[in-house]
Amino acid sequence: MDKGSSGMTRQARYEALVRAWHRDLYRYAYWLAKDPHIAEDLVQETCLRAWRSLDSLQDDKAAKAWLITILRRENARRFERKQFDHVDIDDGELEDKTRPSEEASMEQRWLHRQIAALAPEYREPLVLQVIAGFSGDEIAQILDLNKNTVMTRLFRARAQLKEALDTTATSGGQQYGRS
C-alpha cells in the first residue's frame, strides 16, 4: 500500500484533504465563478487534479494553498476552453442562507460591488485573505508574488474600500446605494 508522510494510505490522505478544505474551495470557486454549478464543477476538477498529483504535495500543512492554486488554474482553463457571454457583475450576488436585515443586506451588496470594482491585482489578494483566510505568505505563494507586493496590494485594496465608504457616507444620504 502507498503510504503518505504521516503513514496514511493515499486514499485516506486524499479524503482527509477533501473533507478539510472542500467548503473553502467551494466558497472561493463561487467567488470566482459567481455561479453555483460552475463552482461545483471547478471544485470537482480541482479534486480530480489533486488526486492525480497528490504525491507532489510534500507537506500537508501547505494543502490549502496547493488546492487553491489548482482551483485558480482550473478557473483559468475554463476561459481558455470556451468563450463565455459577458455578464454584468451585479448579476452574480453571493447566496446567503441567513436572513439579514434589509439594511445589512444592502450593505453587503454594496460591499460586494465595491470589492468587485477593485482592479484584479487588488481584488484577488483581498479575496484570498478575507474569503479563504490565507496569510500574506500563503497569498504570495499562490499568486507567485513577493510578500511585500502582496501586503502593499492588500493595504491599497483596503484603502480604496475605505475611501469608497467615506465618499458614500458623506454623499448626502446615498449610503449603500439608497437615495
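**A helix end and its surroundings**

Reply: Let's start where helix H6 stops: just after H6, Asp144 takes a positive phi of about 55 degrees. Before going on, please keep in mind that this is a predicted model, in which local features need pLDDT of at least 70 and side-chain atom pairs count only at pLDDT 80 or more, while totals for chains, interfaces and linings use all residues. Residues are numbered from 1 along each chain as its sequence is written, and side-chain values use heavy atoms, with hydrogens and water left out.

Back to Asp144, which sits in the loop between H6 and H7. Most residues other than glycine have a negative phi, yet Asp144 has a positive one although it is not a glycine. With a relative accessible area of 69%, Asp144 is exposed (over 50% is exposed, under 20% buried, and anything in between partly exposed, using a 1.4 Å probe and protein chains only). You can find another positive phi, near 60 degrees, at Lys34, in the loop between H1 and H2. Lys34 is partly exposed, at 22%.

Now step back into H6, which spans residues 136-143 (helices are DSSP runs of H or I with at least four residues, strands are runs of E with at least two, and both are numbered from the N terminus). Gly136, Ile139, Ala140, Ile142 and Leu143 are buried here. These residues lie on the same side of H6, because they cover an arc of only 165 degrees around the axis, where the arc is that of the directions from the helix axis to the C-beta atoms.

What does Ile142 touch, leaving aside its neighbours within four places in sequence? Ile142 is in contact with Ala65, Ile68, Thr69, Arg72, Leu128 and Phe134, contact meaning heavy atoms within 4.5 Å. Ile142 and Ile139 are also among the residues with the most contacts inside the largest nonpolar core, a set of 38 residues. Such a core is made of buried Ala, Val, Leu, Ile, Met, Phe, Trp, Tyr and Cys residues joined through side-chain atoms within 4.5 Å. H1, H2, H3, H5, H6 and H7 each supply at least two residues of this core, and H1 gives the most, with 8 residues.

Arg72 forms a salt bridge with Glu124, the closest N and O atoms being 2.6 Å apart (a salt bridge is a side-chain nitrogen of Lys or Arg within 4 Å of a carboxyl oxygen of Asp or Glu). Glu124 lies in helix H5 (residues 120-130) and Arg72 in helix H3, so the pair ties together parts that are 52 residues apart in sequence. Both are partly exposed: Glu124 at 25% and Arg72 at 22%.

The structure holds 9 salt bridges. Another of them joins Lys64 and Asp24 at 3.5 Å, N to O, linking helix H3 with helix H1 across 40 residues. Here Lys64 is buried, at 14%, and Asp24 is buried too, at 15%. Asp24 and Lys64 belong with Arg27 to a network of salt bridges.
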